[in-house]
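Please examine the sequence and the structure shown here before reading on.

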Amino acid sequence: MKINKLLVGLLTSVTLVAGAAQAAELSVVSGDTGTGLEFLRGQLDKFEADTGHTVTIVPMPSSTTDQFGQYKLWLAAGNTDIDVYQTDVIWAPQLADQFLDLSEAAKDVVGDHFPSIIESQTVDGKLVAMPAFTDAPALFYRKDLLEKYGKDVPATWQELTDTAKEIMDGERADGNPEMWGFVFQGNAYEGLTCDALEWVKSYGGGQIVEADGTISINNPQAAAAIDLAASWIGTISPEGNLAYMEEESRGVWQLGNSVFHRNWPYAYSLGNGEDSPIAGKFDVAPLPAGEGPEARSAATLGGWNVAVSKYSPDPDAAIELALYLSSAEVQKERAILQSNLPTIEALYDDADIAEAQPIIPAWKEIFQNAVPRPSAPTKVKYNEVSSLFWSAVHDTLSGNGTAAENLELLEADLADLKGDAW
C-alpha cells in the first residue's frame, strides 16, 4: 500500500512538472488603435484559459511606419522576447526570412481564406503570416447634413470638394465655427501613401510602380489628383490635417466637426458607439472617382496578419497563438465588435455579423475596388519607395512645390533607388 501511494505521488509530481513545461510564456506586439487593444486582450484571455499559456502584449506606436522600423531592428538582432508579430499586408516580402513557414500548421484552414490574401502572405512558397482581417477604406459622410443641404453622396473628388465647401460654410454660418469639409490622413507616413495612391489611381494615374516594375508616377493624371488634394488644405481641410494619422482625423470627424472623412472600417463601429455625437447620423460609400477617361473609385488594400518569429523560444505555442488569432471564431468576434472585415469568405454570409454590422456585407463592393500598394514589384525596397512617395505628396500638400515638380523629382529618386532592378 505504501509503495502504491508513493508511485501515485511520483506520477502526480511528474504530471504537474510536464504540464508546467508545456505552458509557454508568449509575447505579441500590437499597435492597435481605437478599442483594438482591449479587444485583443479579451481574445488573449480566452486563449490563456484554453491552453494554459500566458501572453503579454508589447504595445507599439500606432504609426505603421514606426512599427515596421522597430520590427526590423528587433528581427535583425535575433530578438527572442517577441514571439508573434502583427504585420501589415505589405510587409511579407520584406520580412519573410525572419518568420516561420506556417504552411504545414495551417494546411487545414488556408482554404477558408480569400485566395488573394493568402497569396499576398506567401513568399517563395512559404506562408509567412496568417490573415487576421482585411481592410479597404471608405468615404464616411454625414447623411443628415447631405439631406439638410439637398446633396447627393459625391461621385467624384471634385464633387466632394464643392459639396464639402458648401456645407462647411453653411454650418459655420449656422453657428459651428469648428466645422470642416473633409478630414483624412495627411501626415508624412504610410497612411498618406494609402490616401494618395487612391487619389492617383482614381484619376487613372497608375500605382506608383507597376506590377512589371515600371516607375509610372510622373504623369499628368497623378499630378492633377495630388494638386486637387493640396487645394483642400486650409480650405475644406484644416492646416492641422498635415499632421493627422487615422486617430487624429477620426477625432475631428467623430466630434461632429467634419462633413466627410476617409478611414478604415474600424472607425464605423466607433462612430456608432453609445458616446459618439454622430451615432446614427453617418453612412459610408465607395471613395470618389477622379476625372478623365480612366477615372474610377480606388481603395488601398489594407489588412493585418499574424506571423511567428523564427527566434521564438516556444515556436509550437507561438504557432498555436497565430492560428487562434486568425481563426473563424476570433474573426467573427472581431467583425461584430470591431467592424473589421474578415478574410474568411464564409463569414460574409454569417447572420450574426450581418445583424450586428450590416455594413460588412455591403463592404464587399468597396473591397472589390481595392488596389494593392506596389510592395510585390519593389520587394525589400518598398519601404523606401513609399517613404519617397509620401514625402513628395506631403511636400505638395504643404505648398512646397507643385505636384508636377515634386513627381518629376520623385521619378528620378525612384530610378536611382531601383538601379538595374528592384
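H9 passes H19 in a right-handed crossing, a term used when the near helix is turned clockwise from the far one by less than a right angle. The model is predicted, so local features need pLDDT of at least 70 and side-chain atom pairs count only at pLDDT 80 or more, whereas totals for chains, interfaces and linings use all residues. Residues are numbered from 1 along each chain as its sequence is written, and side-chain values use heavy atoms, without hydrogens and water.

The axes of the two helices, H9 and H19, come within 9 Å and cross at roughly 125 degrees; axes are lines fitted to C-alpha atoms, for helices over the stretch in contact, and angles run from 0 to 180 degrees between N-to-C directions. H9 and H19 are therefore oblique to each other, the class left after angles under 35 degrees (roughly parallel), over 145 (roughly antiparallel) and 65 to 115 (roughly perpendicular). Contact means heavy atoms within 4.5 Å, and the table lists the residues involved.

| Helix | Residue range | Contact residues |
|---|---|---|
| H9 | residues 220-232 | Ala222, Ala223, Ile226, Asp227 |
| H19 | residues 403-418 | Ala403, Ala404, Leu407 |

Elsewhere, four strands form an open, mixed sheet in the order S8-S9-S7-S10. Helices (H or I, at least four residues) and strands (E, at least two) are DSSP runs, numbered from the N terminus, and two strands pair if DSSP finds at least two bridges between them. Strands S7 and S10 run antiparallel and are joined by four bridges. Within this pairing, tyrosine 141 stands opposite aspartate 283 in S10.
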